[in-house]
Amino acid sequence: MTTEIANNVDALRQRIRQACERAGRSPDDVRLVAVSKTRSPEQIGEAIAAAGLTVFGESRVQEAAQKIEHCPSGVAWHFIGHLQRNKARPAAALFDMVHAVDSLPLLQALDAAAGEHGRCLDICLQVNVSGEASKFGVTPDDLNELAAAAASCRNLNFCGLMTIPPAVRNPDDARPFFRHLFDLRQSCRDAVGVTNLGLSMGMSHDFEIAIEEGANWIRVGSAIFGRRT
Ligand SMILES: *Cc1c(COP(=O)(O)O)cnc(C)c1O
């Protein structure tokens, strides 16, 4: 069945392939997180059935908790927003991966919560590469210390770094921020000795640039589901 969502995802996959080609990368190394915040279970069901999407991103725990039970099972749920420490328990039960861990207390709360639920949770550390006061994320200077703590958590799988660049009109202007995260990953690998760290970066507006700069997860909402109202 061809639907608007399926058409959007076709076009998106083609742009992902083309960006990978330009960068000499394999499309298998770029995973698509379909950002489904504000979208209904019906829209999510359509994205699964008609477009074959398998990973969904939410940014509010309560919204996700109410929605996930009404969505088809067998897909992965990623938490992509800012997580408050007092939501670590429900988040560790609902989600397979948390993209934006940015403090030691949150890290420890998630580790404990994942342990209580008897599961291993994938996490990325959010880095504030732009230094904007409005952005969450650990500073580049503090990254390696938090990364060492993340690597030692028993119930967390430290699998990468995440960033959100400043809102720029021209997506190419986000490139230096993506490149900075790429470089920080190298120093983090060297400092902590974790070899397989991926990069979570790129949204509807700038995912092609992010892919060219090494993204392994792109978090795309409006290019799939249309504008959020
Ligand atoms: C909403 C959101 C996205 C997706 O944004 P689009 O512009 O709709 O693709 C990606 N990442 C985070 C952290 C978000 O909050």
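**Close-up 1. Strand β1, helix α2 and strand β2 form a right-handed β-α-β unit.** Right-handed means that, with the strands pointing away from the viewer, the path from the first strand over the helix to the second runs clockwise. Helix α2 covers residues 41-49; helices (H or I, at least four residues) and strands (E, at least two) are DSSP runs, numbered from the N terminus. This is a predicted model, in which local features need pLDDT of at least 70, side-chain atom pairs count only at pLDDT 80 or more, and totals for chains, interfaces and linings use all residues. Residues are numbered from 1 along each chain as its sequence is written, and side-chain values use heavy atoms, leaving out hydrogens and water.

**Close-up 2. Strand β2 and its partners.** Strand β1 (residues 31-35) runs parallel to β2 over two bridges, with V35 bridged to G57; pairing requires at least two DSSP bridges. On to β3 (residues 76-79): four bridges join this strand to β2, again in parallel, and V55 has A76 as its bridge partner. Along β2, V55 and G57 point one way and F56 and E58 the other, all of them buried (under 20% relative accessible area, 1.4 Å probe, protein chains only).

Close-up 3. The side chain of S204 places an N or O atom 2.5 Å from a ligand oxygen. The protein buries 88% of the 390 Å² that the ligand exposes when taken alone (Shrake-Rupley method, 1.4 Å probe).

Note on methods:
Buried < 20%, exposed > 50% of the residue type's maximum accessible area, 1.4 Å probe, protein only. Polar contact = N/O pair within 3.5 Å; in protein donor to acceptor, adjacent residues only side chain to side chain.
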